[in-house]
Amino acid sequence: MTHPFARAGREIVPGHWFGPAAVVAVGCALAWTIVGFGHGAAPALLVLAVTAVVALWNSPLRVTGHEPLQSVRSSCVEHAVVVLWRPGCPYSSALRRRAAREGLEVHWVNIWRDEDAYELCCRINMGSEETPTAMLLDPSLSGPVVIPASVPGIREATAARLPRGRARRAI
């Protein structure tokens, strides 16, 4: 399985721009409506600024927190927690904020920037690019162990040394 928007050395994935473009289009239409009803340019500019920020936040240009999966695997310490995420996913953003607040050590891999991570995510989630997908990498195991994508799940997996009852093996 290959990434549907495989790119030849480019960083920006063209297929993932629909959401941000739709946000900008709605913002432009709303600003035009505000001006049309005579409310002035200031509220319209505010609407355009807010929609631009939301569009950039959800766009592939947002590259924060990406580590290539191969580098995480090669420098893998015992029981490294890896979370597969993608820009614009509210669940991934919420997990990232909670994990940072708790001080958990997590490796964040963007599936839109890493083809190996995309393929692994689709294999684990039966063809879907469902994120966040959390897993535990251990060099002593043959493959990753999927854990609950939550702060308690990550904390339990790292503290309890592979909880056998709640974790499932990746395919």
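Biologist: What should I know before reading the numbers?
Modeller: The model is predicted: local features need pLDDT of at least 70, side-chain atom pairs count only at pLDDT 80 or more, and totals for chains, interfaces and linings use all residues. Residues are numbered from 1 along each chain as its sequence is written, and side-chain values use heavy atoms, with hydrogens and water left out.

Biologist: How many helices and strands does the chain have?
Modeller: The chain has 6 helices and 5 strands. Helices (H or I, at least four residues) and strands (E, at least two) are DSSP runs, numbered from the N terminus. Along the sequence the pattern reads α-α-α-β-α-β-α-β-β-α-β.

Biologist: How much of the chain is buried?
Modeller: Buried residues make up 40% of the 171 residues. Buried means under 20% relative accessible area, exposed over 50%, partly exposed in between (1.4 Å probe, protein chains only).

Biologist: On to helix H2. Is Leu46 buried or exposed?
Modeller: Leu46 is exposed, with a relative accessible area of 56%. Leu46 lies in H2, residues 41–57.

Biologist: What does Thr51 touch?
Modeller: Val23 and Gly27, leaving out residues up to four places away in sequence. Contact means heavy atoms within 4.5 Å. The Thr51 side chain also reaches the backbone oxygen of Leu48 at 3.0 Å.

Biologist: New topic. How many disulfides are there?
Modeller: The structure holds 0 disulfides; a disulfide is a pair of cysteine sulfur atoms within 2.5 Å. For Cys89, the nearest cysteine sulfur is that of Cys121, 9.7 Å away. Cys89 is buried, with a relative accessible area of 2%.

Biologist: Last one. Where is Ser92?
Modeller: Ser92 is in helix H4, residues 90–102. Ser92 counts as buried at 4% relative accessibility. Leaving out residues up to four places away in sequence, Ser92 touches Trp85, Arg86, Trp108, Thr131 and Pro132.

Technical notes: A polar contact is a pair of N or O atoms within 3.5 Å; within protein, one must be able to donate a hydrogen and the other to accept it, and residues adjacent in sequence count only if both atoms are side-chain atoms.
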